[in-house]
Amino acid sequence: MTEMRTMNLAALHNKLLRSSGILFFLLLWETASRFTWVDAYFLPPCSTVAAEIVRLFGDGSLVSNLAISSVRALGGLLLALIIGLPLGFLFGRRLVIVGEILDPLLRIASQVNPFLVLMASTLILGFGESAKFFVIAWVSLWPVLFYTTTAFHTVDPYQIKIARSLAVSETELLAKVLIPSALPTIFTGIRISAGITFFILVAVEMLNATSGLGWLEHNSAMNFEIPTMYAAATVIVVLGFLLNRFLLSLENALFSWNASSSTVTRSAVREEPKPVWRPNRGAAMTAAAALALVFCAGGYELRKVNAERSRELAGPDLGKHARHLGSEVRK
Amino acid sequence: MTVIDPTPRARTSDVKITLRGIGKVFPLNKTPGAAPREFVALSEINLDIRRGEFLAIVGPSGSGKSTLLDILAGLAPINSGEALIDGRALSGPDLDRGIVLQGDSLFPWRTVRKNIEFGLEVKKTPKQERRGVVDRYLRLVGLTEFDNHFPHELSGGMKQRVALARALAYDPEILLMDEPFAAVDALTRETLQNELLSIWEATGKTIVFVTHSIEEAIYLSDRVAVLTSNPGTISHIIDVNLPRPRNSGDLRSSPEFGRIRHTLWQLLQGREGRA
């Protein structure tokens, strides 16, 4: 009993210690602004920013822009997966020579600055959503493609040999050996892609959009709605962090059998086997439903906002446009 | 490949595997224009392996031990000669042979139970039947309590036990083992050797066991085939007339064991002429 209490206290202590950096930062932010060590107009105290987040959440603009951003990110990532996964399998196992021949080209392509891609795709595809999808898909394609290629290329030859010695069919080999063996590495690629997607999404929305979290941040900055700008920025940072955390823990739960994985903590001796979470039908359905909901809600918002914006753009006074959009967020 | 005139010995029921004039070459360079060169891995391999026999193959690195085992597993096509199992031409991998490889060839995403079950899945054994079979082989290798563990949670010796159980579970008639105990410590290795012997005695499998350890070959087998390199060919086959069961007493220190060990050592050094 006392032992358990000591353990809980130790855990709590550890938690407090680990979050003390964050608390200190927030405190510094608040005081620096309150005591006007910096200009409070350009750096409002974090309590003001927190209140602004609550207000934005209350008037629906945060949810609306979040849904729009999610649709763009997920759509782009999905496109990257649809192209990257089969191509990675081909380059890793079936058409290895082709993969090797194309490798320099692909490496150079992956190094092309996304902003250059954005410029080009805007010129070719216009200011609509397809240019944004294209850039996001372009950027998130590379980790998925390279990690998938490596994953399939480096499947343990002994494991393949064991399966082949049992005269398995090609389909069985794929389903029972190649895919399970490649999955952890592929998932790491997807996690990295998701992170990059989030970065580039915000950038794309800042430069080239009339909706989304990046736009919310950029537009409020342009209109000197400073608390809104910080609120949007905070939401973006926290979301990016949570997304990464979520994918990491999902990776740990799914692939805890993979002792060589760097993200999996391992102990030398373990009395009880660590459970490997096998997603059951319920979990898969929930995930699919959540994704579908995000797509529907985000798609609806996106259409609505784009329609509104085009009506406004058709109006005579384009000069008022930016200010008008700003005040709309304020409402 | 049809067998027109099988040798009389191949017809007799006590021969399980027959190798006649087996040759295997690997192309070395495929540069267009350059003269094609090839590496002769195996040449003129002649070997009869009896049903239920424990045959060891020893030889230096690069003598083609593993290639020979790959041929027996049906994983490497031969360039000349013929390979027969039960008098029928060996045409590819099949469930009548099980392989155990050196090092860690377990499927890390599968638990011990699911690893052992692998062959049964491929064999399309019904699910409820599989459970009992796996339980039996878990008991046989003494890993009943570890059935839900993942390979990374096991010691080297335990992993090799699982690999052995995985190869035995779908009940092949022949076990092909490629230096299975090379990566475990000396004490564990002796334990595993004794376990393998008692499993062999209980199941009556035909075992072909590739090793680079002379002692291991003598301790386990009925006969030892000596492979020499460049090109890989069987230079001698030595009978091991040591009493069984071999785990009673310190067999390794007996004079007969020492005599065979010395003979094999000389053969592998290429000094048989001076002995």
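A crossing of two helices is left-handed if the near helix is turned anticlockwise from the far one by less than a right angle, and right-handed if clockwise. Keep that ready for the second stop. This is a predicted model, in which local features need pLDDT of at least 70, side-chain atom pairs count only at pLDDT 80 or more, and totals for chains, interfaces and linings use all residues. Residues are numbered from 1 along each chain as its sequence is written, and chains are lettered from A and ligands numbered from 1 in the order in which they are written.

**Stop 1: chain A as a whole**

Select chain A. Its secondary structure comes to 12 helices and zero strands. Helices (H or I, at least four residues) and strands (E, at least two) are DSSP runs, numbered from the N terminus. Of the 331 residues in chain A, 32% are buried. A residue is buried if 20 or more other C-beta atoms, placed from the backbone, lie within 10 Å of its own, exposed if 12 or fewer, and partly exposed in between. Take the contacts in chain A with a separation of 6 or more: residues 24 or more positions apart account for 70% of them. Two residues are in contact if their C-beta atoms, placed from the backbone, lie within 7 Å.

**Stop 2: a helix pair in chain A**

Select residues 114-125 and 129-153 of chain A, helices α5(A) and α6(A). They pack at an angle of about 150°, with their axes 9 Å apart. Axes are lines fitted to C-alpha atoms, for helices over the stretch in contact, and angles run from 0 to 180 degrees between N-to-C directions. The crossing of α5(A) and α6(A) is right-handed.

Now show side chains. From α5(A), the contact uses Pro114(A), Val117(A), Leu118(A), Ser121(A), Thr122(A) and Leu125(A). From α6(A) come Ser130(A), Ala131(A), Phe134(A), Val135(A), Trp138(A) and Val139(A). By class, this contact has nine nonpolar, three polar and no charged residues. Ala, Val, Leu, Ile, Met, Phe, Trp, Tyr, Cys and Pro count as nonpolar, Asp, Glu, Lys and Arg as charged, and the others, Gly among them, as polar.

**Stop 3: α7(A), packed against both chains**

Select residues 157-165 of chain A, helix α7. Gln159(A), Ile162(A), Ala163(A) and Ser165(A) are buried here. Look down the axis of α7(A): the buried residues fall within an arc of 165°, so they line one face of the helix. The arc is that of the directions from the helix axis to the C-beta atoms. Those buried residues pack against α8 (170-208) of chain A, together with α2 (65-73) and β6 of chain B. Just after α7(A), find Ala167(A), with a positive phi of about 55°.

**Stop 4: the chain A and chain B contact**

Show both chains. The contact takes 21 residues from chain B and 16 residues from chain A. On the chain B side, β6 (97-100) and α3 each supply at least two residues. By class, that side has 11 nonpolar, seven polar and three charged residues.

**Stop 5: α4(B)**

Select residues 127-140 of chain B, the 14 residues of helix α4. At 1.5 Å a residue, α4(B) should span 20 Å, and its end C-alpha atoms are 20 Å apart, which agrees. The expected span is 1.5 Å times one less than the number of residues. Arg130(B), Val134(B), Tyr137(B) and Leu138(B) of α4(B) are buried. Down the axis, the buried residues of α4(B) fall within an arc of 105°, so they line one face of the helix. On the other side, Gln128(B), Glu129(B), Gly132(B) and Arg139(B) are exposed. The cover over the buried residues of α4(B) includes α3 (112-122) and α5 (156-169) of chain B. Just past α4(B), Gly142(B) has a positive phi of about 70°.

**Stop 6: Arg166(B)**

Move to α5 of chain B and pick Arg166(B). Arg166(B) is buried, with 29 other C-beta atoms within 10 Å. Leaving aside neighbours within four places in sequence, Arg166(B) is in contact with Asn115(B), Ile116(B), Phe118(B) and Gly119(B). Its C-alpha atom is 8.9 Å from that of Ile99(B), 67 residues apart along the chain.

**Stop 7: backbone exceptions**

Most residues other than glycine have a negative phi, and most peptide bonds are trans.

- Phe224(A) sits in the loop between α9 (213-222) and α10 (226-254) of chain A. Its phi is positive, near 55°. Phe224(A) counts as exposed, with 11 C-beta neighbours inside 10 Å.
- Glu179(B) lies in the loop between β7 (174-178) and α6 (186-203) of chain B. Its phi is also positive, near 45°. Glu179(B) is partly exposed, with 19 other C-beta atoms within 10 Å.
- Pro245(B) is in the loop between β10 (233-239) and α8 (255-269) of chain B. A cis peptide bond joins Arg244(B) to Pro245(B), with omega about 0°.
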